Amino acid sequence: MSGTLNKVMLIGHLGDEVKLHYFEGGNCIGRFPIATNESYTNKQTGERVTTTEWHNIVVRNKAAEICEKYLNKGDKIYVEGRLKTRQWQGEDGVTKYTTEIHVQDFTFLTSKQESMSGEQQTASKKTTGTAKAPQAQKPEPTGTMASSEPEDDLPF
């Protein structure tokens with residue numbers, strides 16, 4: 001295999017709200033952290049141990065606006081993208097580095113009900129007074145439609 005691959009897939013929870021920064025020309029960039037957890041049992045003590053890893057997520061343009069509109073702190077999300085490391089000079093003259101996941105694809109995993117209950121809590125905490133719109137979802141069947149097929153009690 002002569003090629004290389006830079007691909008990251010994560011499922012985690014937002015650690016903060018999506019923060020947007022707009023540039024001249026209308027482009028924008030959104031940044032937010034997500035947390036992933038790993039759990040294991042310590043064989044010496046028998047204690048259950050959970051470790052959390054934080055990841056810096058970067059989304060651009062329309063994807064950034066969608067994330068800012070529909071995501072709240074604590075929501076679960078799947079992101080797919082590539083690793084990119086940035087460097088800059090700090091005020092003290094020291095070169096600093098950060099590694100980010102630049103998103104190419106994402107899926108919201110929090111249900112509409114979970115998102116709306118979290119949204120109501122965050123909307124009351126916001127000082128701007130603007131609440132985010134809930135995610136658009138297909139209407140769930142109500143069972144009132146006439147059908148010639150019997151309904152099965154399937155678990156999925």
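In this predicted model, strands β3 and β4 form a hairpin with 6 residues between them. Gly46, in the turn of that hairpin, has a positive phi of about 75°. The protein chain as a whole contains 2 helices and 6 strands, and from the N terminus on its elements follow the order β-β-β-β-α-β-β-α.

**Strand pairing**
- The pairing of β3 with β4 is antiparallel and extends over 13 bridges.
- Asn56 has Glu100 in β6 as its bridge partner.

**The largest nonpolar core**
- This core comprises 18 residues, among which Phe32, Ile34, Ile57, Leu71 and Ile77 touch the most other members.
- Two or more residues of the core come from each of β1 (8-14), β3 (28-41), β4 (48-60), α1 (61-70), β5 (76-89) and β6 (95-108).
- Beyond its neighbours within four places in sequence, Ile34 is in contact with residues including Leu10, Leu14, Trp54, Ile57, Ile77 and Val79.
- The contacts of Ile34 also include Gly12, His13, Gly15, Glu53 and His55.

**The chain as a whole**
- Of the 156 residues in the protein chain, 28% are buried.
- The protein chain exposes about 11,800 Å², and carbon and sulfur atoms supply 50% of this area.
- Among contacts in the protein chain with a separation of 6 or more, 57% are between residues 24 or more positions apart.

Notes: Residues numbered from 1 in each chain as written. Predicted model: local features only at pLDDT ≥ 70, side-chain atom pairs only at ≥ 80, totals over all residues. Heavy atoms only, no water. Core = buried A, V, L, I, M, F, W, Y, C linked by side-chain atoms within 4.5 Å. Buried < 20%, exposed > 50% of the residue type's maximum accessible area, 1.4 Å probe, protein only. Helix = DSSP H or I, 4+ residues; strand = E, 2+ residues; numbered from the N terminus. Contact = heavy atoms within 4.5 Å. Areas by Shrake-Rupley, 256 points an atom, 1.4 Å probe, with all protein chains shown as cover. Pairing = 2+ DSSP bridges.
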